[in-house]
Amino acid sequence: MNSELEEIDGITVAILYGELDGRTAPIVQDRLLTLPAAGGKALLEMSGVSYISSAGLRALLMLYRQMATNDGRVALAGLSENIRDVMTVTGFLEFFDDYATLEDGVAALRAD
């Protein structure tokens, strides 16, 4: 699992690549939990994520909780059909706004 962080118009964008599983989720979680807190906005671009396990879902949930506690917002972009299905069945998409592309996500978060 690789990740890149960048800032676009005041939104922290994390671009994720690879498998988000029990081996990589703790590393990604540690990195994601450094994202902006108080009133911040974060977008996870996940078009490069090929697999997500329950540990990966937990890492996303931890980020959501941290951001929500601090009046922040986190959204997802570029989910593959398989990962979107997993997140829908498990109820995780109820926590996140989901956008087809990075550009759509940035535009929506910028408008808030």
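Trainee: Is Asp9 buried or exposed?

Mentor: This is a predicted model. In it, Asp9 has a relative accessibility of 53% and counts as exposed, because the class begins over 50%.

Trainee: Which side chain does Asp9 meet in a salt bridge?

Mentor: The general idea is that side chains of opposite charge can pair when their charged atoms come close. Here Asp9 meets Arg110, at 2.7 Å from N to O. Arg110 is partly exposed, with a relative accessible area of 47%. Arg110 belongs to helix α4 and Asp9 to the loop between β1 and β2, so the pair ties together parts that are 101 residues apart in sequence.

Trainee: How many salt bridges does the count come to?

Mentor: The count is three. Another joins Arg73 and Asp97 at 2.4 Å, linking strand β4 to strand β5 across 24 residues. Arg84 and Asp98 also pair, at 2.9 Å; this links helix α3 with strand β5, 14 residues apart. Arg84 is partly exposed at 27% relative accessible area, and Asp98 is partly exposed with a value of 27%.

Trainee: At what angle do the axes of helix α1 and helix α2 cross?

Mentor: Two packed helices are described by the angle between their axes and the distance between the axes. For α1 (residues 25-32) and α2 (residues 54-69), the axes cross at roughly 10° and come within 9 Å. The two helices are therefore roughly parallel to each other. Residues making the contact include Gln29 and Leu32 of α1 and Arg58 and Leu63 of α2. By class, the contact has seven nonpolar, two polar and one charged residues.

Technical notes:
Residues numbered from 1 in each chain as written. Predicted model: local features only at pLDDT ≥ 70, side-chain atom pairs only at ≥ 80, totals over all residues. Heavy atoms only, no water. Axes fitted to C-alpha atoms, helices over the stretch in contact; angles between N-to-C directions. Helix = DSSP H or I, 4+ residues; strand = E, 2+ residues; numbered from the N terminus. Parallel < 35°, antiparallel > 145°, perpendicular 65-115°, else oblique. Contact = heavy atoms within 4.5 Å. Nonpolar A, V, L, I, M, F, W, Y, C, P; charged D, E, K, R; others polar. Salt bridge = Lys/Arg side-chain N within 4 Å of Asp/Glu carboxyl O. Buried < 20%, exposed > 50% of the residue type's maximum accessible area, 1.4 Å probe, protein only.
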